[in-house]
Amino acid sequence: MEKRDTLIEVRNLKKFFKIGDNTLKAVNDLSFEIKRGETLGVVGESGCGKSTAGRTILRLYEPTAGDVLFEGQSVMKLNHQEMKAMRRNMQMIFQDPYASLNPRMTVGDIIGEALDIHGLASGQKRKERIQELLSLVSLNPEHMNRFPHEFSGGQRQRIGIARALAVEPKFIVCDEPISALDVSVQAQVVNLLQQLQEKMGLTYMFIAHDLSMVKYISDRVAVMYLGKMVELADSEKLYEKPLHPYTQALLSAIPIPDPEVERKRERIVLQGDVPSPMNPPSGCHFRTRCPKAMPECSAVEPVWKEVEPGHFAACHLYN
Amino acid sequence: MQLTKEHFEPISVDLRQAEEIKRPSLSFWADVWRRLKMNKVAMASLIFILLLVACAIFIPIFSSHDYYTTNLAGKNKPPSAEHWFGTDDLGRDVFVRVWYGARISLEVGFAAALIDLIIGMIWGGIAGFYGGKVDEIMMRIADILYAIPYLLVVILLMVVMEQGVVTIIIALTITGWIGMARIVRGQILQLKAQEFVLAARSLGADNNRLIFKHLIPNALGPIIVTLSLTVPTAIFTESFLSFIGLGVSAPVASWGTMSAEGLAAMKYYPWRLMFPALFISVTMLAFNLFGDGLRDAVDPRLRK
Amino acid sequence: MERILEVKDLHVSFHTYAGEVKAVRGVNFHVNKGEAVAIVGESGCGKSVTAQTLMKLIPMPPGEIKKGDIIFNGESIVKKSNKEMEAIRGKEIGMIFQDPMTSLNPTLTVGNQIMEGLIKHQKMTRAAARARAIELLTMVGIPQPEKRVDQYPHEFSGGMRQRAMIAIALACSPKLLIADEPTTALDVTIQAQILDLMKDLQKKTGTSIILITHDLGVVAEMCDRVIVMYAGKVIETGTVDDIFYNPQHPYTKGLLRSVPRLDLKRDEPLTPIFGTPPDLLRPPVGCGFTARCESAMRVCQEYDPELKEISSTQRAACWLQHPLAQNRAGS
């Protein structure tokens, strides 16, 4: 792979929520980089903080600590006006194609909103731009006066993509953009995202719980568990040689659409449920479900280190 | 059927066609109107309400009678061609007085609902939108106001201010907006967590845009339904206050005062009670049925 | 093999303001004793409506069984009254729903919800039913069942709620278990646990299972046979090996190709099925898949193909199977 410059740098990002007297450490000290033109996949089970991480990076949530650098510029230090300008660089595609489009607005107005906010086009030009964006995501431009509920899930998701593209961003956080869609439609959306990436040189952070899709779309993949990153590597490498026991279990749990393979497979079935992120286990958060847990796992939190070149993990097995 | 070789020639599929939307386009409010039109009871109620408004405006203007001229020679007359609903103990035409009463009732009803709406929307909107401490403080204030016995407030107001329509409206709205504020706050709290609001924020939308383009249009359904059910409550309260002597004073006609006066003579001149009472009941019923129909039309899931 | 369930030419419609939505349009299939059958297809293909019709759980009106018959255990279900259905639901046929949060009653303890069926159908005493409930919770792998039996659904995690749902569905040892997307709402590691549990229980109890899902991986893991539905019809059926290794219908092929596999390289594009399923308010003339099909022929627009036998276990409804079709399957 050629050397690419860093587009996004996340530094010790933390986001805690106060819930009553408890503190929910949704994102607990994340540090990583995303290169220009790259797709970074982020996987993990519900409650692992992957969506919160995406939203905090875009500063939809104010972080508790840490910073995000976009092309070397601190995002968290920007004032209101500067942040508005920064939003043209960073966009988001949402999970639920039913909840992410305002039901009272026409598709044209939904996509045109970005143009209005940033004063990018008006009148006839606005209309042309909206139709151009609709064509870009292979939707019929004549449908711009229709309402979201008239479209199917996959079509709605493409409307959401067109909305994000309206400001010509460089970086897009895709927050589980395909989880709510049918398999046949998932492929449409993923292909579209890849075409757009090639055409416009986009950089993606692709959040999902579907590991096979993440592997397919990502250059590198990060695995999260209870607010922390446990492993990060090139996607091929991560799937061929997962280091962290959690990653191994996750990969083993995916059902494979091949009866022959399924019959022969021995899978690692994790015992128990994900502990509450409100009160995570001491030391390594995964130790309560880890088949390889050792005494030191409960005492000391494992450090995040580069086990092999470009392959990071936080696990006592590799200390 | 006879299948030939031609039948099995490949055809190119226009993939656009598979994307075509066949159903007619409908905006949310057009859809509400369509559902409402199918509800015959609600539509009949709506027509009744519109007629009531029209009559309350025009009948007193064009009638040859007025509500205050007394005619002791023609008192307590039963319904006739001259006096359709008869006359009262001072010889005043009950028909015209009923329509003057309708004016007061509707004025009070709509004014109270409108003021509730304005205060409730601002109060509930701010509390819901900012949330946290702001929400906590604002809603506690509302709770405290709500806890003051309402009749006590009314009686106090009547003592301090002069009796009349304005006082009644103030009395009604002094606590009436709280219900609306709660509805609006609940809606805004629920809506602001939705992804489309987050999407607008990620595009750089300011608070004004969020409130007026995204939150209020989506909260409007329940707000209008609450509004349509506030009107009959206000009408009824006005009648009730006038009935127990706390409302408008003579010679102004209100359905409440007319009923109170008619009650004393119920045995001998039943029409004096019957007509105002009938109007109160039917109006209440119409507004409530219309409100129910509107609620079903706005949110069809609520309907069984 | 003995058939526990047979569905014959089932038509189900919903009457909406815009007209009649023909959700299920002539579905035929059967389930053998002790077999796990998957019904797969995109949302709106009629798979959930079919499953709910088996229990007569669709709201009528607006729903209506227009035509056809459902034979369960030798008896027709279609004509049965609500009262008679109550005796079958829970006792003869159990059901597991997608969302364990909304399908459990939040105001009753989990134990009470399991006991309900036992007391009603098996005339057990409360004490006996409670003992059996604890036994069932142990069986579905819930730790500390004596304590958990008196807890409310909100005290359970998502995976445990789904286990509790399974315990309720299996309480009266039903002959048939209908699982409607039982693992869709769960995380992968929890899904693996639940699938393991279901396979295990099926082995032990010999219940037949109808699994409704869109996850082909789950199908490959769990099921013996597959029914592929599209636009309210069965378009292909066969054993898992038939469907996964020798699919005949272009839609089945499309479904299989649109799933990324772990061994797929990044530069190979996924092959989606273009377009969206037809609106069943106005079902298309001819084959429902024509508008999205790459191998469409003139005949497809005019006549609807019938299920044709491919082998003793596999059948497909596609004109490509006709001897006159030139670009036959596999092209």
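Trainee: In strand 5 of chain C, which residue is the bridge partner of C:Phe72?
Mentor: Good place to start, and keep in mind that this is a predicted model. Strand 4 of chain C, residues 63–72, is joined to strand 5 by two bridges, and the two strands run antiparallel. C:Phe72 belongs to one of these bridges, and its partner in strand 5 is C:Glu75.

Trainee: Which strands are at the edges of that sheet in chain C?
Mentor: Strands of a sheet pair through backbone hydrogen bonds, either parallel or antiparallel. Here four strands make an open sheet with antiparallel pairing, and their order is 2-1-4-5. An edge strand pairs on one side only, and in chain C that describes strand 2 (19–32) and strand 5 (75–76).

Trainee: What angle does the direction of helix 1 of chain C make with that of strand 2?
Mentor: Helix 1 of chain C covers residues 47–54 and packs on the sheet. There, the helix touches strand 1 (3–16), strand 2 and strand 4. Its direction and that of strand 2 make an angle of about 70°.

Trainee: Zooming out, what radius of gyration does chain C have, next to that of a compact globule?
Mentor: Chain C holds 11 helices and 12 strands, and its C-alpha trace spans about 70 × 50 × 40 Å along the principal axes. Because chain C has 331 residues, a compact globule would come out near 20 Å. The value for chain C agrees with this: 21 Å.

Trainee: What percentage of the residues in chain C are buried?
Mentor: Start with the contacts in chain C that have a separation of 6 or more: 63% of them are between residues 24 or more positions apart. For burial, a residue counts if 20 or more other C-beta atoms lie within 10 Å of its own. Of the 331 residues in chain C, the buried part is 54%.

Trainee: Moving to chain B, how far apart are the end C-alpha atoms of residues 108–129?
Mentor: An unreviewed UniProt entry lists several stretches of chain B as "transmembrane region", including 108–129 and 141–159. Residues 141–159 are 89% helix and 0% strand, with end C-alpha atoms 25 Å apart. Residues 108–129 are 100% helix, and the distance between their end C-alpha atoms is 30 Å.

Trainee: Which element of chain B gives the most residues to the side that touches chain A?
Mentor: In this contact, 21 residues of chain B meet 26 residues of chain A. Helix 1 (15–19), helix 8 (195–202) and helix 9 (207–243) of chain B each give two or more residues. By class, the chain B side has nine nonpolar, seven polar and five charged residues. The element that gives the most, with seven residues, is helix 8.

Note on methods:
Residues are numbered from 1 along each chain as its sequence is written. Chains are lettered from A and ligands numbered from 1 in the order in which they are written. This is a predicted model: local features need pLDDT of at least 70, side-chain atom pairs count only at pLDDT 80 or more; totals for chains, interfaces and linings use all residues. Two strands pair if DSSP finds at least two bridges between them. Two residues are in contact if their C-beta atoms, placed from the backbone, lie within 7 Å. Axes are lines fitted to C-alpha atoms, for helices over the stretch in contact, and angles run from 0 to 180 degrees between N-to-C directions. UniProt positions are given in the numbering used here, feature names are shortened, and annotations may be inferred rather than shown by experiment. The radius of gyration is taken over C-alpha atoms; the globule rule is 2.2 Å times the number of residues to the power 0.38. A residue is buried if 20 or more other C-beta atoms lie within 10 Å of its own, exposed if 12 or fewer, and partly exposed in between; C-beta atoms are placed from the backbone. Ala, Val, Leu, Ile, Met, Phe, Trp, Tyr, Cys and Pro count as nonpolar, Asp, Glu, Lys and Arg as charged, and the others, Gly among them, as polar.
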